[in-house]
Amino acid sequence: MKALRIHAWGEAPRLDEVEAPQPGPGEALVEVAAASLSHFDLTVASGEFGISPELPYVPGVEGAGTVVESDVLAPGTRVSIRGRGVGIATPGTWAELVVVSHDVLTEIPDGLDLDLAAVAYDPLTTAHVSLHGVGRLGTWPDTGVDAVGDEVVLVTGAAGGVGSMVVQLALRAGARVIALVSSDERTALVPKGAEVVSMQDPARASELAASPVATLVVDTVGGARLAERLAWVRPGGRFAVVGYTAGTSATLDLPNWLLGDVAVLPVNLLRRAGEGNAVVDELTALLVAGELAVTFETFAMSEVEGALRRLVAGQVRGKAVLHPSA
Ligand SMILES: NC(=O)c1ccc[n+]([C@@H]2O[C@H](COP(=O)([O-])OP(=O)(O)OC[C@H]3O[C@@H](n4cnc5c(N)ncnc54)[C@H](OP(=O)(O)O)[C@@H]3O)[C@@H](O)[C@H]2O)c1
């Protein structure tokens with residue numbers, strides 16, 4: 001079978017022909033129809049994450065497909081795959097076939113296609129946990145928030161996978177939403193209903209700092225300019241850090257941060273997986289009903305290098321989906 005494998009840290013994956021895996025007791029063989037290409041896969045493949053697989057390894061922490069062999073699930077059952085070290089401790093989904101333990105499989109509900117099943121979990125759960133578990137939407141008296149209607153949620157990377165879901169869930173909850181994008185051309189990708197601000201409009205961008213209105217920032221981009229964005233939050237408000245697409249480090253100017261009195265809160269979906277799992281069925285039902293949307297682009301195995309370059313550069317329209325059998 002064909003599999004993409006990382007042979008050296010920080011290098012692009014190679015398309016290899018490898019032996020098809022065989023399931024053991026308690027395991028299932030799944031034909032992968034769609035796999036997520038995510039920033040987390042790249043973090044693992046950098047070799048700088050706290051947990052590293054042995055080289056060479058097959059990345060892919062999420063995916064969806066159909067059961068080929070299992071002593072629990074009937075062949076042809078549609079399943080999503082994620083969790084318990086898939087793509088890190090055990091081979092991942094960037095392959096035509098994968099062997100996994102049954103506890104990483106979830107049956108896919110009718111009406112949800114395999115592409116969405118491969119990538120929707122991450123934005124749905126991350127956006128929910130950022131707003132509710134971490135941001136405690138509607139209950140932040142330190143900055144005068146006693147109800148969701150008092151909230152002004154500012155989302156960075158609002159055209160991206162997680163950011164666009166934060167916009168949708170915050171609007172559904174009843175908050176005012178300001179959606180930040182890096183350039184004018186990304187504005188069309190932001191879900192309707194938010195006030196969209198492009199960083200190419202310097203006047204509007206500097207207004208955000210001059211008179212901060214946000215009660216909560218959900219920041220998916222990170223990087224060196226994170227400290228500047230703290231000034232967009234009202235004193236006593238909070239700033240939830242989700243990701244680092246624009247860079248993995250930031251420096252705080254402590255006197256000004258203390259003056260702004262903004263709580264910087266980490267969003268850790270590995271530790272808070274239970275919170276995401278508790279709501280994912282309800283959120284997936286909204287996706288199936290067309291009340292929420294996850295945008296994605298698809299790529300064949302042979303296109304993976306270009307796809308990953310575009311992912312790193314922030315050029316993918318929504319989530320990136322790999323089709324291992326294409
Ligand atoms: N903490 C957690 O538990 C957790 C869970 C899920 C995801 N994450 C992280 O959250 C982040 C966002 O994930 P995602 O799936 O939403 O990613 P994404 O859609 O690829 O990117 C989100 C946004 O980041 C901006 N961006 C991307 N590359 C950039 C670059 N090179 N320079 C500047 N801006 C860039 C883009 O904003 P514009 O559209 O405005 O250009 C893009 O829309 C990732 O770092 C991911 O690892 C963390």
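Here is a walk through some helices, a strand residue and a few backbone details of this predicted model.

Let's begin with helix α3, which spans residues 121–134. This helix is mostly covered, with eleven of its 14 residues buried. Those buried residues are Tyr121, Pro123, Leu124, Thr125, Thr126, Ala127, His128, Val129, Ser130, Leu131 and Val134. What packs against α3? One partner is helix α4, residues 161–173, whose axis comes within 8 Å of the axis of α3. The two axes cross at roughly 55 degrees, and α3 and α4 are therefore oblique to each other. Their crossing is right-handed. On the α3 side the contact is made by Asp122, Pro123, Leu124, Thr126, Ala127, His128 and Leu131, while α4 brings Gly161, Val162, Met165, Val166, Leu169 and Ala170. Sorted by class, the residues of this contact are nine nonpolar, three polar and one charged.

Helix α8, residues 273–288, also packs against α3, and here too the axes come within 8 Å. This time they cross at roughly 120 degrees, and the crossing of α3 and α8 is right-handed. From α3, the residues Tyr121, Leu124, Thr125, His128, Val129 and Gly133 take part. They meet Ala273, Glu275, Gly276, Asn277, Val279, Val280, Leu283, Thr284 and Leu287 of α8. The contact of α3 with α8 has eight nonpolar, six polar and one charged residues. If you follow the chain onward from α3, you come to Arg136, which has a positive phi near 45 degrees.

Next, have a look at helix α5, residues 202–210, where the buried residues are Arg204, Ala205 and Leu208. Why do these residues line one face of the helix? Seen down the axis of α5, the buried residues fall within an arc of 100 degrees, so they share one face. On the face turned away from the buried side, α5 carries the exposed residues Pro202 and Ala210.

Ile81 lies in β5, and at 0% relative accessibility it counts as buried. Which residues surround Ile81? Leaving aside residues up to four places away in sequence, Ile81 touches Val30, Val61, Glu62, Gly63, Val86, Thr93, Val98, Val100, Val104 and Leu105. Ile81 and Gly65 are 16 residues apart in sequence, and their C-alpha atoms are 8.1 Å apart in space.

Finally, a few backbone details deserve a look in the loops. Leu55 and Pro56 are joined by a cis peptide bond, with omega about -15 degrees. Pro56 sits in the loop between α1 (39–45) and β4 (62–69). Arg84 is not a glycine, yet it has a positive phi of about 50 degrees. This residue belongs to the loop between β5 (78–82) and β6 (97–101). Is Arg84 buried or exposed? Its relative accessibility is 68%, so Arg84 counts as exposed. Asp261, again not a glycine, has a positive phi of about 55 degrees, and you will find Asp261 in the loop between α7 (254–260) and β13 (263–266).

Conventions
Residues are numbered from 1 along each chain as its sequence is written. This is a predicted model: local features need pLDDT of at least 70, side-chain atom pairs count only at pLDDT 80 or more; totals for chains, interfaces and linings use all residues. Side-chain values use heavy atoms; hydrogens and water are left out. Helices (H or I, at least four residues) and strands (E, at least two) are DSSP runs, numbered from the N terminus. Buried means under 20% relative accessible area, exposed over 50%, partly exposed in between (1.4 Å probe, protein chains only). Axes are lines fitted to C-alpha atoms, for helices over the stretch in contact, and angles run from 0 to 180 degrees between N-to-C directions. Angles under 35 degrees count as roughly parallel, over 145 as roughly antiparallel, 65 to 115 as roughly perpendicular and the rest as oblique. A crossing is left-handed if the near helix is turned anticlockwise from the far one by less than a right angle, and right-handed if clockwise. Contact means heavy atoms within 4.5 Å. Ala, Val, Leu, Ile, Met, Phe, Trp, Tyr, Cys and Pro count as nonpolar, Asp, Glu, Lys and Arg as charged, and the others, Gly among them, as polar. The arc is that of the directions from the helix axis to the C-beta atoms.
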